[in-house]
Amino acid sequence: MIKPSCYSCRKRFEPSALRISYSKNYCESCGVGLFGGDYFSFAQKPAPTTRKNLAVHSIVFFLAVAGLSLWLWGR
Ligand SMILES: [Zn+2]
């Protein structure tokens, strides 16, 4: 998994350590330096891998169901 990087200092962080402002990621030290206390009102970056895995699992599940129903109809 590729860790997202801070837009300001370009270091890589865990998604939970970043917050998003105008679709750019900022780490806490840069964000507080740039925006002060406003930084803590920004949305936290969601962990992308779990959502992606869930989406992939759902697609695989639906394909399996579709394939199974086609196979049942074909008989
Ligand atoms: Zn930073």
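## Exposure terms and the basis of the model

A residue is called buried if 20 or more other C-beta atoms lie within 10 Å of its own, exposed if 12 or fewer do, and partly exposed in between, the C-beta atoms being placed from the backbone. The structure is a predicted model, in which local features need pLDDT of at least 70 and side-chain atom pairs count only at pLDDT 80 or more, whereas totals for chains, interfaces and linings use all residues. Residues are numbered from 1 along each chain as its sequence is written.

## Overall dimensions and domains

The chain has a radius of gyration of 20 Å, while a compact globule of 75 residues would have one near 11 Å; the radius is taken over C-alpha atoms, and the globule rule is 2.2 Å times the number of residues to the power 0.38. Along the principal axes, the C-alpha atoms fill a box of roughly 65 × 20 × 15 Å. Of the 75 residues in the chain, 9% are buried.

The domain assignment, whose bounds come from an automatic or database source, divides the chain into domain 1 (1-44) and domain 2 (47-75). The C-alpha centres of domain 1 and domain 2 are 34 Å apart. Two residues are in contact if their C-beta atoms, placed from the backbone, lie within 7 Å, and among contacts between residues at least 6 apart in sequence, 26% join residues at least 24 apart.

## Secondary structure and the sheet

The chain holds two helices and three strands, in the order β-β-α-β-α from the N terminus on; helices (H or I, at least four residues) and strands (E, at least two) are DSSP runs, numbered from the N terminus. The three strands form an open sheet with the order S2-S1-S3 and antiparallel pairing, and its edge strands, each pairing on one side only, are S2 (24-27) and S3 (43-44). Strands count as paired if DSSP finds at least two bridges between them.

Four bridges join S1 to S2, with asparagine 25 in S2 as the bridge partner of isoleucine 20. Strand S1 (residues 18-21) also pairs with S3 in the antiparallel sense, over two bridges, and here arginine 19 has glutamine 44 in S3 as its bridge partner. Helix H1 (residues 28-35) lies across S1 and S2 and runs at about 100 degrees to S2, where axes are lines fitted to C-alpha atoms, for helices over the stretch in contact, and angles run from 0 to 180 degrees between N-to-C directions.

The hairpin of S1 and S2 has two residues between the strands. Most residues other than glycine have a negative phi.

Lysine 3, in the segment before S1, is exposed because 11 other C-beta atoms lie within 10 Å. Leaving aside neighbours within four places in sequence, lysine 3 is in contact with Arg12, Phe13 and Glu14. The C-alpha atoms of lysine 3 and glutamate 28, 25 residues apart along the chain, are separated by 15 Å.

Serine 29 belongs to helix H1 and is partly exposed, with 13 other C-beta atoms within 10 Å. Serine 29 and lysine 3 are 26 residues apart in sequence and 17 Å apart in space, C-alpha to C-alpha.
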